[in-house]
Amino acid sequence: MKNQNKIGEKIMIQYCKRCCLPSTKPHLSFDEEGICNACRNYENRKNVDWDERKKELMEILDRYRSKDGSNWDCIIPVSGGKDSTYQVITMLELGMNPLCVTATTCDLTDIGRRNIENIKKMGVDYIEVTTNRVVRAKLNRIGLTEVGDISWPEHVSIFTVPVRMAVNFNVPLIIWGENSQNEYGGPAAAVENNVLDRRWLEEFGGMLGLRVNDLVGQEGITKKDLIPFTYPTDEELKRVGVTGIFLGYYIPWEGLHNVLVAKAHGFESWGKVVEGDYDDYENLDNYQAGIHEYFKYLKFGFGRCSDQASMHIRRGRISREEAMKTVKERDGAFRWTYLDKKLEDILEPIGVTVDEFIKICDEFTNKKLFLTDKNGKLIKDKNGNLTKINYDNVEEDENK
């Protein structure tokens, strides 16, 4: 099905008839009924034999469990968020002895630190890998200016660091959370993929076409500076037998369920809606997360609020009409603050001013999706917010 219509030089976004996801989302497709593949994937969950999946999971865990207790049973990558907290809870309940590994975020929040400390209190061994802060700031700046993603180094290291620890400590099994290509939509080949390998990292692991080797020589960065961001060799992976499974493939995976379980074990949510989000429990560990999500809006015309609202729609908690109103209000709001920290304070460690940041935003904004004046300059309100070209079209179409 054709996903979007062009009006002159503009693109009129089409939306899934069931949720809030737009035709501009990468890898999203609609069927002949106008329903997106993310909604269809969720719909198909009712056909899954979850008892059989759970049995399969237990067989895998038993196969990799240390027979003599001389090593950890598995590695769990943890950020301190609701999902990684839930992963730890689940593995402990299933009798596993995990090594929890954190690849430190770019700009760790206070609440993020408290939630990491909460995981430690659950009774696990824990390692936190903090990459060179000087190099990290350079990578943040390069990611922001070259591919429009300030979080590029974080999205790479959350995959590379746990795998490197698996190789270093000879622990072959890594327990990941969800396969995002299933919940949020993606190529059919990735939907049923329950093993994270090098190909998955390169295709979906957040590199955005910016390869680690491309960074050598930029801002004085050397190969040794990039060790934490470099995936182990195939030979190293084969020697240890490293494999990764998505826990969300074996047990029903749902954000609100995970946060309720996590809260029962000490996880702390924000207590109010996070800027640009629908809820109060996502993206709490990194002050730069608001910038990352805002750039998704600039590039594709939707943000985190759309993702979250769509998940609630699929589960029957809110109507699509209610969700679209909220999405319109929150998705595209310029991030003057995030988790109550001012934008200038978030940008200061990477050496970028607010004025410079706004120029970078404009450079990465897809002008086919937003209103511009006759000279092609983006039209903004007094708070710096853009206007998508077709929200009114969507509302008029729904009222017909």
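**Ground rules.** I worked on a predicted model in which local features need pLDDT of at least 70, side-chain atom pairs count only at pLDDT 80 or more, and totals for chains, interfaces and linings use all residues. Residues are numbered from 1 along each chain as its sequence is written, and side-chain values use heavy atoms, with hydrogens and water left out.

**Entry 1, salt bridges.** I looked up the salt bridges, each defined as a side-chain nitrogen of Lys or Arg within 4 Å of a carboxyl oxygen of Asp or Glu, and found that the structure holds 21. One of them joins E268 to R114, with the closest N and O atoms 2.9 Å apart. Because E268 lies in the loop between α12 and α13 (289-300) while R114 belongs to helix α4 (residues 110-120), this pair ties together parts that are 154 residues apart in sequence. Helices here are DSSP runs of H or I with at least four residues, numbered from the N terminus. I noted E268 as partly exposed at 30% relative accessible area, and R114 as partly exposed at 41%; the classes are buried under 20%, exposed over 50% and partly exposed in between, with a 1.4 Å probe and protein chains only.

I then turned to E219 and R141, whose salt bridge has its closest N and O atoms 2.5 Å apart. This pair links distant parts of the chain, with E219 in the loop between α9 (198-204) and α10 (234-240) and R141 in helix α5 (residues 133-147), 78 residues apart. E219 is partly exposed at 37%, and R141 is partly exposed as well, at 22%.

A further salt bridge is formed by the side chains of R211 and D214, at 3.2 Å from N to O; here R211 counts as exposed at 55%, whereas D214 is partly exposed at 29%. I also recorded a network of salt bridges that links R18, D31, E33, R40 and E43.

I found a negative surface patch made up of D49, D51, E52, E56 and E59. Its members must have over 30% relative accessible area and no salt bridge, and like charges are joined within 9 Å, with the place of a charge taken as CG of Asp or CD of Glu. I checked E56, which sits in helix α2 (residues 50-64) and is partly exposed with a relative accessible area of 31%.

I located W253 in the loop between α11 (247-250) and α12 (255-264), where the residue is buried at 3% relative accessible area. W253 and N179 are 74 residues apart in sequence, and 9.7 Å separates them in space, C-alpha to C-alpha.

In α12 itself, I listed G255, N258, V259 and A262 as the buried residues. Seen down the axis, they fall within an arc of 95°, so they line one face of the helix; the arc is that of the directions from the helix axis to the C-beta atoms. L260 and A264 are exposed on the other side of α12.

Which residues are buried in helix α17 (residues 354-364)? I found V354, F357, I360, C361 and F364, and these residues line one face of the helix because they fall within an arc of 115° when seen down its axis. The face turned away from this buried side carries the exposed residues D355, K359 and E363.

Methods. Patch = residues over 30% accessible without salt bridge, like charges linked within 9 Å, V, L, I, M, F, W, Y side chains within 5 Å. Areas by Shrake-Rupley, 256 points an atom, 1.4 Å probe, with all protein chains shown as cover. Lys, Arg positive; Asp, Glu negative; His and termini not counted. Helix = DSSP H or I, 4+ residues; strand = E, 2+ residues; numbered from the N terminus.
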